[in-house]
Amino acid sequence: MSSQLRIIVTGLVGLYPVGGVAWDYLQYVIGLARLGHDVYYHEDTWSWPYHPLEKTYTSDASYSTQYIQDFWEQYAPELKKRWHYLHLHSTSFGMNRAEFDEVARTADVFLNVSGACIIPDRLSSRCVKIFLDTDPGYNQLMLSERFAWSENVERWCDSVAAHDRHFTYAENIHNADCLIPKVDFAWQTTRMPVVMDLWERVACVPPPQMGAWTTIMTWNAFKGKLVYKGIEYNSKGSEFEKLLTLPQRTSVPLSVAVGGVKAPLMEIASAGWKVVDGPSATLTPESYQKFIANSRGELSPAKHVYVAMASGWFSCRSACYLAAARPVVVQDTGFSTILPVGEGILTFTTQEEAIAAIHEVEANYTWHTKAARNIAHEYFDSNLILSQLLNAALS
(Lines give C-alpha, C1' and ligand atoms only; values in the text may rest on other atoms or scores of the structure.)
Protein backbone atom coordinates (compact mmCIF):
# COMPACT_ATOMS: atom_id res chain seq x y z
CA MET A 1 0.00 0.00 0.00
CA SER A 2 1.49 3.37 -1.02
CA SER A 3 2.28 5.63 1.90
CA GLN A 4 -0.21 8.37 1.06
CA LEU A 5 -3.63 7.65 -0.40
CA ARG A 6 -6.19 10.11 -1.70
CA ILE A 7 -9.37 9.16 0.17
CA ILE A 8 -12.96 10.40 -0.07
CA VAL A 9 -15.06 9.74 3.06
CA THR A 10 -18.83 10.13 2.95
CA GLY A 11 -21.32 10.79 5.72
CA LEU A 12 -24.66 12.20 6.81
CA VAL A 13 -23.63 15.28 8.79
CA GLY A 14 -25.39 17.74 6.49
CA LEU A 15 -28.49 15.55 6.37
CA TYR A 16 -28.68 15.31 10.20
CA PRO A 17 -26.63 18.17 11.67
CA VAL A 18 -26.55 17.08 15.32
CA GLY A 19 -23.61 16.31 17.61
CA GLY A 20 -23.65 12.51 17.58
CA VAL A 21 -23.90 12.29 13.80
CA ALA A 22 -20.98 14.70 13.37
CA TRP A 23 -18.77 12.55 15.60
CA ASP A 24 -19.91 9.32 13.90
CA TYR A 25 -18.66 10.37 10.47
CA LEU A 26 -16.07 13.11 10.85
CA GLN A 27 -13.79 11.04 13.11
CA TYR A 28 -13.20 8.89 10.02
CA VAL A 29 -11.94 11.93 8.12
CA ILE A 30 -9.73 13.22 10.93
CA GLY A 31 -8.43 9.74 11.77
CA LEU A 32 -7.40 9.01 8.18
CA ALA A 33 -5.78 12.44 7.84
CA ARG A 34 -3.82 11.75 11.06
CA LEU A 35 -2.46 8.60 9.39
CA GLY A 36 -0.94 10.86 6.73
CA HIS A 37 -3.50 10.42 3.95
CA ASP A 38 -4.93 13.08 1.64
CA VAL A 39 -8.56 13.02 2.84
CA TYR A 40 -11.78 14.77 1.79
CA TYR A 41 -15.31 14.71 3.23
CA HIS A 42 -18.09 14.40 0.64
CA GLU A 43 -21.86 14.29 1.08
CA ASP A 44 -24.39 13.68 -1.68
CA THR A 45 -27.57 12.01 -0.42
CA TRP A 46 -29.97 13.72 -2.85
CA SER A 47 -32.15 14.44 0.23
CA TRP A 48 -33.55 17.51 1.95
CA PRO A 49 -31.51 18.10 5.12
CA TYR A 50 -33.13 18.07 8.55
CA HIS A 51 -33.14 21.34 10.51
CA PRO A 52 -32.88 20.31 14.19
CA LEU A 53 -34.04 23.66 15.61
CA GLU A 54 -37.06 23.96 13.31
CA LYS A 55 -37.63 20.18 13.60
CA THR A 56 -38.41 19.81 9.93
CA TYR A 57 -36.78 18.91 6.64
CA THR A 58 -35.82 21.92 4.55
CA SER A 59 -34.77 22.75 1.00
CA ASP A 60 -32.29 25.30 2.40
CA ALA A 61 -28.71 24.06 2.86
CA SER A 62 -27.38 27.01 4.88
CA TYR A 63 -27.72 25.54 8.40
CA SER A 64 -26.14 22.23 7.38
CA THR A 65 -23.22 23.72 5.49
CA GLN A 66 -22.40 26.18 8.30
CA TYR A 67 -22.54 23.26 10.74
CA ILE A 68 -19.98 21.24 8.74
CA GLN A 69 -17.71 24.28 8.39
CA ASP A 70 -17.92 25.00 12.14
CA PHE A 71 -16.88 21.44 12.97
CA TRP A 72 -13.66 21.72 10.97
CA GLU A 73 -12.90 25.18 12.36
CA GLN A 74 -13.14 23.86 15.92
CA TYR A 75 -11.71 20.32 15.72
CA ALA A 76 -9.56 20.03 12.58
CA PRO A 77 -8.83 23.44 10.98
CA GLU A 78 -6.33 21.76 8.64
CA LEU A 79 -9.32 20.10 6.91
CA LYS A 80 -11.56 23.16 6.61
CA LYS A 81 -11.07 23.45 2.84
CA ARG A 82 -11.46 19.71 2.21
CA TRP A 83 -15.18 19.15 2.21
CA HIS A 84 -17.85 19.07 -0.45
CA TYR A 85 -21.60 19.10 0.24
CA LEU A 86 -23.60 18.55 -2.94
CA HIS A 87 -27.04 19.86 -2.03
CA LEU A 88 -29.89 17.97 -3.72
CA HIS A 89 -27.32 16.61 -6.17
CA SER A 90 -27.02 20.04 -7.81
CA THR A 91 -25.39 22.83 -5.74
CA SER A 92 -21.86 22.58 -4.31
CA PHE A 93 -20.86 23.98 -0.92
CA GLY A 94 -17.37 23.94 0.57
CA MET A 95 -15.25 22.95 -2.43
CA ASN A 96 -16.61 23.89 -5.83
CA ARG A 97 -17.72 21.17 -8.22
CA ALA A 98 -14.64 21.35 -10.44
CA GLU A 99 -12.31 21.01 -7.43
CA PHE A 100 -14.23 18.02 -6.11
CA ASP A 101 -14.42 16.37 -9.54
CA GLU A 102 -10.62 16.58 -9.75
CA VAL A 103 -10.34 14.88 -6.32
CA ALA A 104 -12.75 12.15 -7.46
CA ARG A 105 -10.86 11.66 -10.74
CA THR A 106 -7.62 11.03 -8.83
CA ALA A 107 -8.97 9.23 -5.73
CA ASP A 108 -7.53 5.92 -4.52
CA VAL A 109 -10.28 5.06 -2.03
CA PHE A 110 -13.98 5.95 -1.79
CA LEU A 111 -15.12 5.10 1.75
CA ASN A 112 -18.92 5.19 1.73
CA VAL A 113 -19.71 5.18 5.46
CA SER A 114 -23.30 3.93 5.97
CA GLY A 115 -23.50 3.61 2.19
CA ALA A 116 -25.57 6.77 2.27
CA CYS A 117 -24.02 8.67 -0.60
CA ILE A 118 -24.21 8.22 -4.33
CA ILE A 119 -20.98 7.09 -6.02
CA PRO A 120 -19.54 10.25 -7.67
CA ASP A 121 -19.84 10.43 -11.47
CA ARG A 122 -16.21 11.32 -12.06
CA LEU A 123 -14.73 8.74 -9.70
CA SER A 124 -11.51 7.16 -10.99
CA SER A 125 -12.06 3.68 -12.42
CA ARG A 126 -9.12 2.39 -10.37
CA CYS A 127 -10.52 3.82 -7.11
CA VAL A 128 -11.40 1.13 -4.55
CA LYS A 129 -15.03 1.65 -3.51
CA ILE A 130 -15.80 0.54 0.06
CA PHE A 131 -19.37 0.10 1.34
CA LEU A 132 -19.33 0.37 5.14
CA ASP A 133 -22.48 -1.06 6.76
CA THR A 134 -23.12 0.69 10.07
CA ASP A 135 -26.70 -0.62 10.44
CA PRO A 136 -26.26 -4.40 10.32
CA GLY A 137 -29.24 -6.68 10.02
CA TYR A 138 -31.42 -3.90 8.66
CA ASN A 139 -29.19 -3.42 5.61
CA GLN A 140 -28.73 -7.12 4.88
CA LEU A 141 -32.47 -7.79 5.24
CA MET A 142 -33.11 -4.93 2.82
CA LEU A 143 -30.61 -6.48 0.38
CA SER A 144 -32.12 -9.94 0.83
CA GLU A 145 -35.85 -9.12 0.84
CA ARG A 146 -35.96 -5.81 -1.10
CA PHE A 147 -39.00 -4.61 0.84
CA ALA A 148 -41.48 -2.81 -1.38
CA TRP A 149 -42.17 -0.23 1.35
CA SER A 150 -38.64 1.14 1.03
CA GLU A 151 -38.50 3.75 -1.73
CA ASN A 152 -35.74 3.37 -4.34
CA VAL A 153 -34.84 -0.02 -2.82
CA GLU A 154 -33.68 -1.48 -6.16
CA ARG A 155 -31.45 1.50 -6.88
CA TRP A 156 -29.95 1.26 -3.38
CA CYS A 157 -29.30 -2.49 -3.74
CA ASP A 158 -27.60 -1.89 -7.11
CA SER A 159 -25.48 0.83 -5.50
CA VAL A 160 -24.32 -1.53 -2.71
CA ALA A 161 -23.35 -4.13 -5.33
CA ALA A 162 -21.39 -1.49 -7.26
CA HIS A 163 -18.80 -1.27 -4.43
CA ASP A 164 -15.61 -3.36 -4.52
CA ARG A 165 -15.35 -4.13 -0.79
CA HIS A 166 -18.02 -4.61 1.88
CA PHE A 167 -17.36 -3.94 5.56
CA THR A 168 -19.80 -4.22 8.46
CA TYR A 169 -20.18 -3.33 12.14
CA ALA A 170 -21.71 -6.82 12.59
CA GLU A 171 -18.54 -8.23 14.10
CA ASN A 172 -20.21 -11.58 14.79
CA ILE A 173 -21.38 -12.08 11.19
CA HIS A 174 -19.17 -15.12 10.49
CA ASN A 175 -20.14 -17.02 13.64
CA ALA A 176 -22.79 -19.75 13.67
CA ASP A 177 -25.14 -17.94 16.08
CA CYS A 178 -25.46 -14.85 13.82
CA LEU A 179 -28.70 -14.89 11.82
CA ILE A 180 -27.83 -12.05 9.42
CA PRO A 181 -28.02 -13.19 5.76
CA LYS A 182 -24.70 -12.58 3.96
CA VAL A 183 -26.39 -11.98 0.57
CA ASP A 184 -23.40 -12.94 -1.60
CA PHE A 185 -21.02 -10.29 -0.24
CA ALA A 186 -17.66 -11.13 1.33
CA TRP A 187 -18.23 -9.12 4.50
CA GLN A 188 -15.17 -7.94 6.43
CA THR A 189 -15.66 -6.64 9.95
CA THR A 190 -14.74 -3.29 11.45
CA ARG A 191 -15.87 -0.95 14.20
CA MET A 192 -16.17 2.76 15.02
CA PRO A 193 -12.85 4.67 15.01
CA VAL A 194 -12.38 7.21 17.81
CA VAL A 195 -9.79 10.01 17.55
CA MET A 196 -8.66 9.61 21.14
CA ASP A 197 -7.03 12.99 21.77
CA LEU A 198 -10.27 14.78 20.85
CA TRP A 199 -11.83 13.08 23.90
CA GLU A 200 -8.89 13.68 26.25
CA ARG A 201 -10.34 16.84 27.75
CA VAL A 202 -13.71 15.18 28.43
CA ALA A 203 -11.99 12.16 29.98
CA CYS A 204 -10.16 14.44 32.43
CA VAL A 205 -13.42 15.96 33.74
CA PRO A 206 -14.73 13.92 36.68
CA PRO A 207 -18.48 13.26 36.34
CA PRO A 208 -20.82 14.89 38.87
CA GLN A 209 -21.09 12.90 42.10
CA MET A 210 -24.86 12.53 41.81
CA GLY A 211 -24.91 12.61 38.02
CA ALA A 212 -27.31 10.42 36.07
CA TRP A 213 -26.62 7.37 33.96
CA THR A 214 -27.67 8.45 30.49
CA THR A 215 -28.07 7.53 26.87
CA ILE A 216 -28.90 9.37 23.64
CA MET A 217 -31.31 7.66 21.29
CA THR A 218 -33.58 8.07 18.28
CA TRP A 219 -36.99 6.47 18.68
CA ASN A 220 -37.84 6.13 14.97
CA ALA A 221 -39.48 2.90 13.98
CA PHE A 222 -38.81 1.38 10.58
CA LYS A 223 -41.00 2.67 7.74
CA GLY A 224 -42.43 -0.80 7.22
CA LYS A 225 -42.22 -4.31 8.65
CA LEU A 226 -38.76 -5.91 8.67
CA VAL A 227 -39.73 -9.56 8.24
CA TYR A 228 -37.28 -12.38 7.47
CA LYS A 229 -38.11 -16.08 7.44
CA GLY A 230 -41.42 -15.36 9.17
CA ILE A 231 -39.90 -13.34 12.03
CA GLU A 232 -40.38 -9.59 12.44
CA TYR A 233 -37.38 -7.59 13.62
CA ASN A 234 -37.84 -4.22 15.31
CA SER A 235 -35.95 -1.03 16.11
CA LYS A 236 -34.81 0.26 19.51
CA GLY A 237 -38.11 1.26 21.09
CA SER A 238 -39.22 -2.32 21.74
CA GLU A 239 -35.97 -3.03 23.63
CA PHE A 240 -36.14 0.23 25.59
CA GLU A 241 -39.66 -0.69 26.74
CA LYS A 242 -38.16 -3.73 28.53
CA LEU A 243 -36.16 -1.29 30.68
CA LEU A 244 -39.02 1.14 31.21
CA THR A 245 -39.60 0.43 34.93
CA LEU A 246 -35.89 0.31 35.77
CA PRO A 247 -35.82 3.68 37.63
CA GLN A 248 -38.31 2.28 40.14
CA ARG A 249 -35.81 -0.43 41.07
CA THR A 250 -32.68 1.60 41.73
CA SER A 251 -31.82 4.85 43.50
CA VAL A 252 -29.29 5.75 40.77
CA PRO A 253 -30.72 8.61 38.62
CA LEU A 254 -31.42 7.62 34.99
CA SER A 255 -31.82 10.02 32.08
CA VAL A 256 -32.49 9.60 28.37
CA ALA A 257 -32.07 12.15 25.57
CA VAL A 258 -34.65 11.17 22.96
CA GLY A 259 -35.01 12.25 19.36
CA GLY A 260 -37.11 10.94 16.51
CA VAL A 261 -40.85 10.52 16.15
CA LYS A 262 -43.62 8.94 18.20
CA ALA A 263 -41.52 8.35 21.32
CA PRO A 264 -43.87 7.82 24.33
CA LEU A 265 -42.17 10.65 26.25
CA MET A 266 -44.89 10.99 28.91
CA GLU A 267 -44.82 7.26 29.61
CA ILE A 268 -41.01 7.22 29.89
CA ALA A 269 -41.05 10.23 32.25
CA SER A 270 -43.82 8.84 34.44
CA ALA A 271 -41.81 5.61 34.84
CA GLY A 272 -39.10 7.69 36.54
CA TRP A 273 -36.69 8.55 33.73
CA LYS A 274 -35.53 12.12 33.31
CA VAL A 275 -36.39 12.83 29.67
CA VAL A 276 -34.63 15.53 27.65
CA ASP A 277 -34.94 16.45 23.99
CA GLY A 278 -32.10 14.61 22.25
CA PRO A 279 -31.40 16.97 19.33
CA SER A 280 -31.35 20.13 21.48
CA ALA A 281 -29.38 18.54 24.36
CA THR A 282 -26.69 17.31 21.95
CA LEU A 283 -27.07 19.83 19.12
CA THR A 284 -23.40 20.67 18.57
CA PRO A 285 -20.37 18.38 18.67
CA GLU A 286 -19.36 20.26 21.82
CA SER A 287 -22.73 19.85 23.58
CA TYR A 288 -22.66 16.13 22.70
CA GLN A 289 -19.33 15.84 24.50
CA LYS A 290 -20.67 17.91 27.40
CA PHE A 291 -23.72 15.66 27.74
CA ILE A 292 -21.42 12.63 28.00
CA ALA A 293 -19.11 14.45 30.44
CA ASN A 294 -22.09 15.13 32.73
CA SER A 295 -22.97 11.42 32.78
CA ARG A 296 -21.81 8.80 35.29
CA GLY A 297 -21.93 6.27 32.47
CA GLU A 298 -24.15 5.01 29.69
CA LEU A 299 -27.10 2.67 30.13
CA SER A 300 -28.55 1.64 26.77
CA PRO A 301 -30.46 -1.07 24.97
CA ALA A 302 -29.74 -1.81 21.28
CA LYS A 303 -32.05 -2.15 18.30
CA HIS A 304 -34.01 -5.40 18.48
CA VAL A 305 -32.67 -6.45 15.06
CA TYR A 306 -29.06 -6.15 16.32
CA VAL A 307 -29.82 -8.22 19.41
CA ALA A 308 -32.13 -10.87 17.93
CA MET A 309 -29.79 -11.58 15.02
CA ALA A 310 -26.70 -11.74 17.31
CA SER A 311 -24.96 -9.21 15.08
CA GLY A 312 -22.01 -8.32 17.31
CA TRP A 313 -22.68 -4.62 16.63
CA PHE A 314 -21.28 -2.12 19.14
CA SER A 315 -22.54 1.43 19.32
CA CYS A 316 -20.55 4.41 17.99
CA ARG A 317 -22.02 6.43 20.85
CA SER A 318 -20.90 3.86 23.44
CA ALA A 319 -17.39 4.02 21.96
CA CYS A 320 -17.43 7.78 22.61
CA TYR A 321 -18.55 7.23 26.23
CA LEU A 322 -15.60 4.85 26.67
CA ALA A 323 -13.19 7.38 25.17
CA ALA A 324 -14.56 9.93 27.65
CA ALA A 325 -13.72 7.48 30.51
CA ARG A 326 -17.40 6.76 31.12
CA PRO A 327 -18.30 3.10 31.74
CA VAL A 328 -21.10 1.63 29.62
CA VAL A 329 -23.81 -0.84 30.63
CA VAL A 330 -25.21 -2.00 27.30
CA GLN A 331 -27.37 -4.76 25.89
CA ASP A 332 -25.33 -7.62 24.48
CA THR A 333 -25.69 -8.05 20.71
CA GLY A 334 -23.13 -10.83 20.52
CA PHE A 335 -20.05 -8.58 20.93
CA SER A 336 -19.15 -10.07 24.31
CA THR A 337 -17.02 -12.73 22.61
CA ILE A 338 -15.15 -10.01 20.67
CA LEU A 339 -14.68 -7.10 23.10
CA PRO A 340 -13.58 -7.42 26.74
CA VAL A 341 -16.58 -7.23 29.06
CA GLY A 342 -16.86 -7.04 32.85
CA GLU A 343 -14.76 -3.91 33.41
CA GLY A 344 -15.56 -0.63 31.64
CA ILE A 345 -18.09 -2.43 29.40
CA LEU A 346 -20.77 -4.43 31.24
CA THR A 347 -23.50 -6.25 29.36
CA PHE A 348 -27.06 -7.23 30.11
CA THR A 349 -29.86 -9.22 28.57
CA THR A 350 -32.48 -8.57 31.28
CA GLN A 351 -33.53 -5.63 33.45
CA GLU A 352 -32.15 -7.45 36.53
CA GLU A 353 -28.72 -7.76 34.89
CA ALA A 354 -28.76 -4.07 33.94
CA ILE A 355 -29.43 -3.03 37.55
CA ALA A 356 -26.73 -5.37 38.88
CA ALA A 357 -24.22 -3.98 36.36
CA ILE A 358 -24.90 -0.34 37.32
CA HIS A 359 -24.52 -1.16 41.01
CA GLU A 360 -21.29 -3.07 40.28
CA VAL A 361 -19.84 -0.02 38.47
CA GLU A 362 -20.93 2.39 41.23
CA ALA A 363 -19.27 0.18 43.86
CA ASN A 364 -15.90 0.33 42.00
CA TYR A 365 -16.39 3.52 40.02
CA THR A 366 -12.83 4.79 39.53
CA TRP A 367 -11.65 1.34 38.51
CA HIS A 368 -14.33 1.10 35.82
CA THR A 369 -13.64 4.60 34.44
CA LYS A 370 -9.99 3.68 33.93
CA ALA A 371 -10.99 0.39 32.31
CA ALA A 372 -13.37 2.27 29.97
CA ARG A 373 -10.66 4.63 28.72
CA ASN A 374 -8.18 1.73 28.34
CA ILE A 375 -10.66 -0.26 26.23
CA ALA A 376 -11.21 2.80 24.00
CA HIS A 377 -7.42 3.06 23.50
CA GLU A 378 -6.97 -0.62 22.81
CA TYR A 379 -10.05 -1.39 20.71
CA PHE A 380 -11.37 1.84 19.16
CA ASP A 381 -8.35 4.10 18.55
CA SER A 382 -8.71 5.49 15.00
CA ASN A 383 -5.02 4.82 14.23
CA LEU A 384 -5.58 1.11 14.80
CA ILE A 385 -9.09 0.73 13.33
CA LEU A 386 -8.44 2.73 10.17
CA SER A 387 -5.06 1.14 9.48
CA GLN A 388 -6.70 -2.28 9.72
CA LEU A 389 -9.58 -1.16 7.50
CA LEU A 390 -7.28 0.11 4.74
CA ASN A 391 -4.99 -2.92 4.94
CA ALA A 392 -7.97 -5.29 4.64
CA ALA A 393 -9.58 -3.27 1.82
CA LEU A 394 -6.45 -2.90 -0.27
CA SER A 395 -4.70 -6.23 0.30
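1. A residue is called buried here when its relative accessible area is under 20%. The model under discussion is a predicted one. By that criterion, every residue of strand S16 (residues 297-300) is buried. Gly297 and Leu299 point one way from the strand, whereas Glu298 and Ser300 point the other way.

2. Which strands pair with S16? Strand S11 (residues 213-218) runs parallel to S16 and is joined to it by two bridges; within this pairing, Trp213 stands opposite Gly297. Strand S17 (residues 328-331) also pairs with S16 in the parallel sense, over three bridges.

3. Six of its eight residues are buried, so H4 is largely enclosed by the rest of the structure. The buried residues of the helix are Tyr138, Asn139, Gln140, Leu141, Met142 and Leu143.

4. H4 is followed by Arg146, whose phi is positive, near 45°.

5. Lys55 belongs to the loop between strand S3 (50-51) and strand S4 (56-57). Its relative accessible area is 46%, so Lys55 counts as partly exposed.

6. The second largest pocket holds about 210 Å³ of space. Its lining is made up of 13 residues, and those that lie nearest the centre of the pocket are Ala203, Ala325, Thr366, Thr369 and Lys370.

7. Which helix gives the most to the lining of this second largest pocket? The answer is H14, with five residues. Helix H6 (200-204) and helix H14 (365-380) each supply at least two residues of the lining. By class, the lining of the second largest pocket comprises seven nonpolar, two polar and four charged residues.

Methods
Residues numbered from 1 in each chain as written. Predicted model: local features only at pLDDT ≥ 70, side-chain atom pairs only at ≥ 80, totals over all residues. Heavy atoms only, no water. Buried < 20%, exposed > 50% of the residue type's maximum accessible area, 1.4 Å probe, protein only. Helix = DSSP H or I, 4+ residues; strand = E, 2+ residues; numbered from the N terminus. Pairing = 2+ DSSP bridges. 1 Å grid on protein atoms, 1.4 Å probe; cavity = no way out; pocket = protein on both sides within 12 Å on 5 of 7 lines; lining within 4 Å. Points joined across faces, edges and corners; volume = space filled by probe spheres on them. Nonpolar A, V, L, I, M, F, W, Y, C, P; charged D, E, K, R; others polar.
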